[in-house]
Amino acid sequence: MDDKPHTTRLFVKLLVTDAPASVRFYEGLGFERIASVPPIIRLQWGGESDVYLVSPPAGLKLEGKKGTGVLVGFRAGEAGVDALAAKATALGAPVEGPHVQPWYTREIIVTDPDGYRLNFIEPA
């Protein structure tokens with residue numbers, strides 16, 4: 001039994017090369033902008049998951065593939081994976097799936113403008 005109160009929230013920080021383009025992309029998928037204080041933009045998915053888009057310092061170059069081997073996961077929510085796949089496609093983003101997984105979920109993977117892979121899931 002878990003007696004700990006649920007007071008912490010999981011979040012992810014993503015270093016982005018073009019913050020305005022990234023914000024347009026994430027908002028186009030349905031993320032809500034919560035705060036914007038450069039160099040950080042805080043977005044939220046479904047009222048429960050935070051994503052911080054961070055513009056790196058001028059001297060730091062972001063090269064190569066981002067997040068290799070990492071999927072940033074979100075519950076698809078009421079929209080469902082099909083609607084999210086359609087939104088991502090309209091935004092010009094690569095979409096993999098939907099695929100039904102052996103753990104009873106239906107999933108898509110959407111790649112953002114910087115190459116980060118977002119995994120949206122719903123019950124199968």
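Colleague: Let me start with a proline: in which strand is Pro 98 found?

Modeller: Pro 98 sits in strand S6. Keep in mind that this is a predicted model.

Colleague: What kind of peptide bond joins Gly 97 and Pro 98, and what is its omega?

Modeller: That bond is cis, with omega about 15°. The bond from Pro 38 to Pro 39 is cis as well, with omega near 15°. Pro 39 belongs to the loop between S2 and S3.

Colleague: Which elements does the chain have, and in what order do they run?

Modeller: There are two helices and eight strands. Starting from the N terminus, the pattern reads β-α-β-β-β-β-α-β-β-β.

Colleague: Why is the chain said to be as compact as a globular protein of its length?

Modeller: Set the value against the rule. For 124 residues the globule rule gives 14 Å, and the chain's radius of gyration, 15 Å, is close to that, so the chain is as compact as a globular protein of that length. As for its extent, the C-alpha trace spans about 45 × 40 × 25 Å along its principal axes.

Colleague: Now the sheets. How do you know that S5 and S8 pair?

Modeller: Pairing needs at least two bridges between the strands. Strand S5 (residues 72-75) and strand S8 (residues 117-123) have four bridges, so they count as a pair. The two run parallel. Among the partners, Val 72 goes with Leu 118 in S8, and Arg 75 goes with Ile 121.

Colleague: What about S7 and S8: how many bridges do they have, and in which sense do they pair?

Modeller: Strand S7 (residues 105-111) meets S8 over seven bridges, in the antiparallel sense. One of the partners to look for is Phe 120 in S8, which bridges to Ile 108. Five residues lie between the strands in this hairpin, and Gly 115 takes a positive phi near 95° there.

Colleague: Which residue has a positive phi although it is not a glycine?

Modeller: Tyr 104, with a phi of about 70°. You can find Tyr 104 in the loop between S6 and S7.

Colleague: What makes S5 and S6 edge strands?

Modeller: Look at the order of their open sheet, S5-S8-S7-S6, which has mixed pairing. S5 and strand S6 (95-100) each pair on one side only, and that makes them the edges. On average, neighbouring strands in this sheet are turned by 20° against each other, ignoring direction.

Colleague: Which strands form the other open sheet, and which are its edges?

Modeller: The order there is S1-S4-S3-S2, again with mixed pairing. S1 and strand S2 (32-37) are the edges, each pairing on one side only. The twist from one strand to the next averages 20°. S2 and strand S3 (residues 40-45) pair in the antiparallel sense over five bridges, and Val 37 has Ile 40 in S3 as its partner.

Colleague: Where do the helices lie?

Modeller: Helix H1 (residues 19-29) lies across S7 and S8, running at about 5° to S8. Helix H2 (residues 80-90) packs on that sheet too, where it touches S6, S7 and S8, and its direction makes about 15° with that of S7. H1 also lies across S1, S2, S3 and S4, at about 10° to S3.

Colleague: What can you tell me about the largest pocket: how much space lies in it, and which residues are nearest its centre?

Modeller: The space in the largest pocket comes to about 380 Å³. Its lining has 17 residues, and Glu 48, Ser 49, Gly 73, Phe 74 and Arg 75 lie nearest the centre. Strand S1 (11-15), strand S4 (49-54), S5 and S8 each give two or more residues to the lining. S5 has the largest share, with four residues.

Colleague: Last one: where is Pro 56, and what is it in contact with?

Modeller: Pro 56 lies in the loop between S4 and S5. Setting aside neighbours within four places in sequence, Pro 56 is in contact with Val 16 and Leu 62. Its C-alpha atom is separated by 37 Å from that of Trp 103, which is 47 residues apart from Pro 56 along the chain.

How values were computed:
Residues are numbered from 1 along each chain as its sequence is written. This is a predicted model: local features need pLDDT of at least 70, side-chain atom pairs count only at pLDDT 80 or more; totals for chains, interfaces and linings use all residues. Side-chain values use heavy atoms; hydrogens and water are left out. On a 1 Å grid over the protein atoms alone, a cavity is a set of points where a 1.4 Å probe fits but cannot get out, and a pocket is an open set with protein on both sides within 12 Å along at least five of seven lines; lining residues have an atom within 4 Å of a point. Grid points are joined across faces, edges and corners, and a volume is the space filled by probe spheres set on the points. Axes are lines fitted to C-alpha atoms, for helices over the stretch in contact, and angles run from 0 to 180 degrees between N-to-C directions. Contact means heavy atoms within 4.5 Å. The radius of gyration is taken over C-alpha atoms; the globule rule is 2.2 Å times the number of residues to the power 0.38.
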